[in-house]
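Colleague: I have some questions about the labels used for this model. Please set each value against its cut-off.

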Amino acid sequence: MTIDTKDLLNSILTSLARIDYVKPEDLPNIDLYMDQVTTFMDQQLSTSKRYEEDKILTKTMINNYAKNNLLPPPLKKKYSKEHVLLLIFIYYFKSILSISDIQEILGPITEKYFGSQDDFNLEEIYNEVFRLEKAEVSYLQKDIAKKFQISQTTFDMLEGKDQQEMQMFALICMLSFDVYIKKQLIEKFIDARKAAGKIEKATVGKGRTEKAGTKAQKGTSRRGEKSAESGK
């Protein structure tokens with residue numbers, strides 16, 4: 001059976017416009033038990049499944065995230081709206097990043113904003129990112145369409161089904177390389193921030209050591225002065 005690449009592409013581009021997001025207004029305003037959390041995520045992101053039997057989130061996943069310090073512990077076995085927001089971020093990150101990289105990204109945000117009583121909190125962060133992602137869909141549609149047009153100019157030495165198969169392979173390679181480059185870029189950002197954090201900690205630690213050393217020297221000097229006075 002011959003695949004109509006153009007029809008397939010049009011179908012994919014159309015589906016991008018209907019891609020599932022957990023809209024800010026759909027977030028639960030009450031705390032949920034674990035079963036309710038997994039059900040909520042499955043309902044909200046069902047169209048992002050590759051296969052019908054796939055699970056968006058399971059109890060085991062949630063427990064693993066908690067063990068890896070990606071998710072703060074629930075209160076009386078109930079998960080807040082902020083827990084759900086973190087799980088949404090983890091869901092998107094985990095397809096391209098390692099657990100340690102996700103920790104580096106979410107750790108500082110969770111520490112600073114989880115449970116915050118200020119106006120700027122995790123929900124505000126999610127709303128802002130959600131707005132950006134909605135705007136990104138249109139750009140992605142144009143970018144994929146452009147890559148498709150380029151792929152259709154390749155393998156002129158072939159004809160018919162052979163050419164079609166290789167042109168699809170070219171498109172897959174272009175899309176894969178795009179993902180690869182962006183993943184490399186994300187990892188470099190993470191590593192740069194991690195290195196900056198180590199330098200900052202080392203600087204703070206050095207400052208504390210120097211202060212302690214100065215205090216110790218002053219204490220020794222004072223003791224020496226008192227001993228000298230006693231000797232007189």
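Colleague: What separates Phe 89 and Phe 93 in helix α4?

Modeller: About one helical turn, because Phe 89 and Phe 93 are four residues apart in helix α4. Keep in mind that this is a predicted model.

Colleague: What makes the aromatic pair of Phe 89 and Phe 93 stacked?

Modeller: Two values decide. The centres are 6.4 Å apart, and rings pair if their centres lie within 6.5 Å. The angle between the planes is 15 degrees, and under 30 degrees counts as stacked. So Phe 89 and Phe 93 are a stacked pair.

Colleague: Are Phe 89 and Phe 93 buried or partly exposed?

Modeller: Phe 89 has 12% relative accessibility. The cut-off for buried is under 20%, so Phe 89 counts as buried. Phe 93 has 24%.

Colleague: Why is the pair of Tyr 91 and Tyr 92 called edge-to-face?

Modeller: The ring centres of Tyr 91 and Tyr 92 are 5.4 Å apart and their planes stand at 65 degrees. Tyr 91 counts as buried at 16% relative accessibility. Tyr 92, with a relative accessible area of 30%, is partly exposed.

Colleague: How many aromatic pairs are there by this rule, and which residues do ring pairs link into a cluster?

Modeller: The count is six aromatic pairs. The cluster links Phe 89, Phe 93, Tyr 126 and Phe 130.

Colleague: What is Tyr 126 in contact with, leaving aside its neighbours within four places in sequence?

Modeller: Val 22, Pro 24, Leu 27, Leu 85, Ile 88 and Phe 89. Tyr 126 is also listed with Val 37, Met 41, Ile 62 and Leu 87 as the residues with the most contacts inside the largest nonpolar core. That core has 35 residues.

Colleague: Which elements give two or more residues to this core?

Modeller: They are α2 (34-44), α3 (59-67), α4 (81-93), α5 (99-113) and α6 (122-151). The largest share, eight residues, comes from α4. Another core of five residues lies apart from it, and includes Leu 9, Leu 13, Phe 148 and Leu 171. As background, nonpolar side chains tend to be buried together in soluble globular proteins.

Colleague: How do α4 and α6 pack?

Modeller: Their axes are 10 Å apart, at an angle of about 40 degrees. The crossing of α4 past α6 is left-handed.

Colleague: Is Thr 110 buried or exposed?

Modeller: Buried. Its relative accessible area is 15%, and the cut-off is under 20%. Thr 110 sits in helix α5. Leaving aside neighbours within four places in sequence, Thr 110 is in contact with Pro 72 and Leu 86.

Colleague: Why is Ile 186 called partly exposed?

Modeller: Because its relative accessibility is 28%, between the 20% and 50% limits. Ile 186 belongs to helix α7 (residues 160-231). Beyond its neighbours within four places in sequence, Ile 186 is in contact with Ile 96 and Leu 97. Leu 97 is 89 residues away along the chain, yet the C-alpha atoms of Ile 186 and Leu 97 are separated by 8.8 Å.

Colleague: What is phi for Lys 76 and for Phe 155?

Modeller: For Lys 76, phi is near 55 degrees, a positive value in a residue other than glycine. For Phe 155, phi is also positive, near 55 degrees. Lys 76 lies in the loop between α3 and β2 (78-79), and Phe 155 in the loop between α6 and α7. At 75% relative accessibility, over the 50% cut-off, Lys 76 counts as exposed. Phe 155, at 27%, counts as partly exposed.

How values were computed. Residues numbered from 1 in each chain as written. Predicted model: local features only at pLDDT ≥ 70, side-chain atom pairs only at ≥ 80, totals over all residues. Heavy atoms only, no water. Core = buried A, V, L, I, M, F, W, Y, C linked by side-chain atoms within 4.5 Å. Buried < 20%, exposed > 50% of the residue type's maximum accessible area, 1.4 Å probe, protein only. Contact = heavy atoms within 4.5 Å. Phe/Tyr/Trp six-rings, centres within 6.5 Å; stacked < 30°, edge-to-face > 60°. Axes fitted to C-alpha atoms, helices over the stretch in contact; angles between N-to-C directions. Left-handed = near helix turned anticlockwise from the far one by under 90°.
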